[in-house]
Amino acid sequence: DGNLYGTTPGGGAPDCASSAEGCGSVFKITFAGNEEVLYRFKGKGDGANPMASVVLDSQGNLYKTTGFGG
């Protein structure tokens, strides 16, 4: 679709349970250069601090692993 997808190990939800710097996020940058945060990790049941790239399947779903929790 021409978009760039990525992750950040910090930032994300301001109420992160695992880190004062935030638990990380998944983002999209469109071909036009617009950034959109797709998900903010909370460090509870959803994990924290993503360490690798996202994987996009043929249905358009994004998958990600985190360094902690989940």
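Student: What share of the contacts with a separation of 6 or more comes from residues 24 or more positions apart?
Tutor: That share is 33%. Keep in mind that this is a predicted model.

Student: OK, what is the average pLDDT, then?
Tutor: The mean is 82. At least 70 is reached by 94% of the residues.

Student: Which elements have the lowest and the highest mean pLDDT?
Tutor: Strand E7, residues 66-68, is lowest at 75. Strand E3, residues 35-40, is highest at 91.

Student: How many helices and strands are there?
Tutor: Zero helices and seven strands. The radius of gyration is 12 Å, close to the 11 Å from the globule rule for 70 residues, so the protein is as compact as a globular protein of that length.

Student: And what does the C-alpha trace span along its principal axes?
Tutor: About 35 × 25 × 15 Å.

Student: Let's zoom in on Lys28. Is Lys28 buried or exposed?
Tutor: Buried, because its relative accessibility is 16% and the cut-off is under 20%.

Student: Where does Lys28 sit, and what does Lys28 touch?
Tutor: Lys28 lies in strand E2, residues 25-29. Leaving out residues up to four places away in sequence, Lys28 touches Asn3, Leu4, Tyr5, Asn34, Glu35, Glu36 and Leu38.

Student: Last one, on charges. How far apart are the mean positions of the positive and negative ones?
Tutor: They are 4 Å apart, for 5 positive and 7 negative charges.

Terms used:
Residues are numbered from 1 along each chain as its sequence is written. This is a predicted model: local features need pLDDT of at least 70, side-chain atom pairs count only at pLDDT 80 or more; totals for chains, interfaces and linings use all residues. Side-chain values use heavy atoms; hydrogens and water are left out. Helices (H or I, at least four residues) and strands (E, at least two) are DSSP runs, numbered from the N terminus. Buried means under 20% relative accessible area, exposed over 50%, partly exposed in between (1.4 Å probe, protein chains only). Contact means heavy atoms within 4.5 Å. pLDDT is the predictor's confidence in each residue, from 0 to 100. The radius of gyration is taken over C-alpha atoms; the globule rule is 2.2 Å times the number of residues to the power 0.38. Lys and Arg count as positive and Asp and Glu as negative; His and the chain ends are not counted. The place of a charge is taken as NZ of Lys, CZ of Arg, CG of Asp or CD of Glu.
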